[in-house]
Amino acid sequence: MNPIPVTSSRLQRVFIDLAVVNAEFSSKQFADKLGELISLSDAIVLAESLRSLKKKPFVAASSTEQPTELFMQARAGMLAFIINSFVLEGDEAPGESASVFILPRPNRDTLDDPDAGFVAYQRFYSLHQSEMDHRVATLRRQLQKIMQGASPELAQLASLDGSMADTMADFSRRAFAGVPHLLAKRFYFLNQQYRQARAENSQFNEAISNSVQDETARWLQKGGWLDRFIREMQAVLLAELELRLMPVIGLIEALEFEVETT
């Protein structure tokens, strides 16, 4: 697996492109922010973890699971889960079981009451975040278990990664919880832009049907304001998954390096 460049994340770049954040952080700003996140008690816990690494006995254990294959399968499953959920409610394939991860169908409130209209999309996105959090954490623990029996050095890294994951867990949840709020800004902007264009275009107003179904269908046409938002929301979800997987990719690279040097 090729190393991932340590620059701005894809998620950050997506939000910059959507004009909902101002600019990229420099590496120094990132380091400063990271330092602010770790409290004194957290720092003590991490220091104790570092001191105890070499004291833990190593027990070699072979694993039948191939780390890279395990990662690729899990990642493919997560990507498919996201992509396949972008089916409008009511448009599911025949016989497909009902799921909470089905894209909400718009209604009149989606346009006329942006706050109420965004709630369904916020819930949809937040449910995906919970699912990603669970799947990535499960994959991370599986890799840590493989590392613990692979070599003394990898066993130490697995223990340190576990401690770091626990330390950063609360911050990660709070940080990712801010993503739907940034999406809301984009939703409100596109909503307002559409309503303003509709108000200024008398010919457009005359062409609008009184049918809610006809109007919502127009929003979902390619290039429509809601179609655009939905595509952007999917791009944000995929970018967030990439960011969540970065610590896991680090473990994979450590395992591959161990194989190459032994």
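Trainee: What kind of crossing, left-handed or right-handed, does α8 make as α8 passes α11?

Mentor: A right-handed one: α8 passes α11 that way in this model, which is a predicted one.

Trainee: And what makes α8 roughly antiparallel to α11?

Mentor: Start with the angle: helix α8 (residues 179–200) and α11 pack at about 165 degrees, and their axes are 10 Å apart. Angles over 145 degrees count as roughly antiparallel, so α8 is roughly antiparallel to α11.

Trainee: Which residues of α8 and α11 meet there?

Mentor: On the α8 side, you'll find Val179, Leu183, Arg186, Phe187, Leu190, Asn191, Gln193 and Tyr194. They meet Trp225, Leu226, Arg228, Phe229, Glu232, Met233, Val236 and Glu240 of α11. By class, the residues of this contact split into 10 nonpolar, two polar and four charged.

Trainee: Let me step back a bit. How many helices and strands does the protein have?

Mentor: It has 12 helices and zero strands. Of the 262 residues of the protein, 35% count as buried. And if you take the contacts with a separation of 6 or more, 75% of them are between residues 24 or more positions apart.

Trainee: How do you know whether Asp161 and Arg140 are buried or exposed?

Mentor: Check each relative accessible area against the 20% limit, since anything under it is buried. Asp161 has 10%, so Asp161 is buried. Arg140 has 18%, so Arg140 is buried too.

Trainee: What about Glu131 and Arg135, whose side chains meet in a salt bridge? Why are they called partly exposed?

Mentor: Glu131 has a relative accessible area of 22%, and Arg135 is at 26%. Partly exposed covers what lies between buried, under 20%, and exposed, over 50%, so both residues belong there. Their salt bridge has N and O 2.8 Å apart. Both residues lie in helix α6 (residues 114–148), four residues apart, which is about one turn of the helix.

Trainee: How many salt bridges does the structure hold?

Mentor: Nine. Another one is between Arg231 and Asp227, at 3.0 Å from N to O. Arg231 and Asp227 sit in helix α11 (residues 225–244), four residues apart. Asp227 has 12% relative accessible area, so Asp227 is buried. There's also a network: salt bridges that share partners join Asp133, Glu240 and Arg244.

Trainee: What makes Thr110 count as buried?

Mentor: Thr110 is at 3% relative accessibility, and buried means under 20%, so Thr110 is buried. Thr110 lies in helix α5 (residues 108–112). Leaving aside neighbours within four places in sequence, Thr110 is in contact with Gly117, Tyr121, Phe187, Asn191, Trp219, Trp225 and Leu226. Look at Phe187: Thr110 and Phe187 are 77 residues apart in sequence, with 9.8 Å from C-alpha to C-alpha.

Trainee: And why is Leu160 called partly exposed?

Mentor: The relative accessibility of Leu160 is 26%. That value falls between the 20% and 50% limits, so Leu160 counts as partly exposed. Leu160 has its place in helix α7. With neighbours within four places in sequence set aside, Leu160 is in contact with Leu50 and Leu53. Leu160 and Ser49 are 111 residues apart along the chain, and their C-alpha atoms are separated by 6.7 Å.

Notes. Residues numbered from 1 in each chain as written. Predicted model: local features only at pLDDT ≥ 70, side-chain atom pairs only at ≥ 80, totals over all residues. Heavy atoms only, no water. Salt bridge = Lys/Arg side-chain N within 4 Å of Asp/Glu carboxyl O. Helix = DSSP H or I, 4+ residues; strand = E, 2+ residues; numbered from the N terminus. Buried < 20%, exposed > 50% of the residue type's maximum accessible area, 1.4 Å probe, protein only. Axes fitted to C-alpha atoms, helices over the stretch in contact; angles between N-to-C directions. Parallel < 35°, antiparallel > 145°, perpendicular 65-115°, else oblique. Left-handed = near helix turned anticlockwise from the far one by under 90°. Contact = heavy atoms within 4.5 Å. Nonpolar A, V, L, I, M, F, W, Y, C, P; charged D, E, K, R; others polar.
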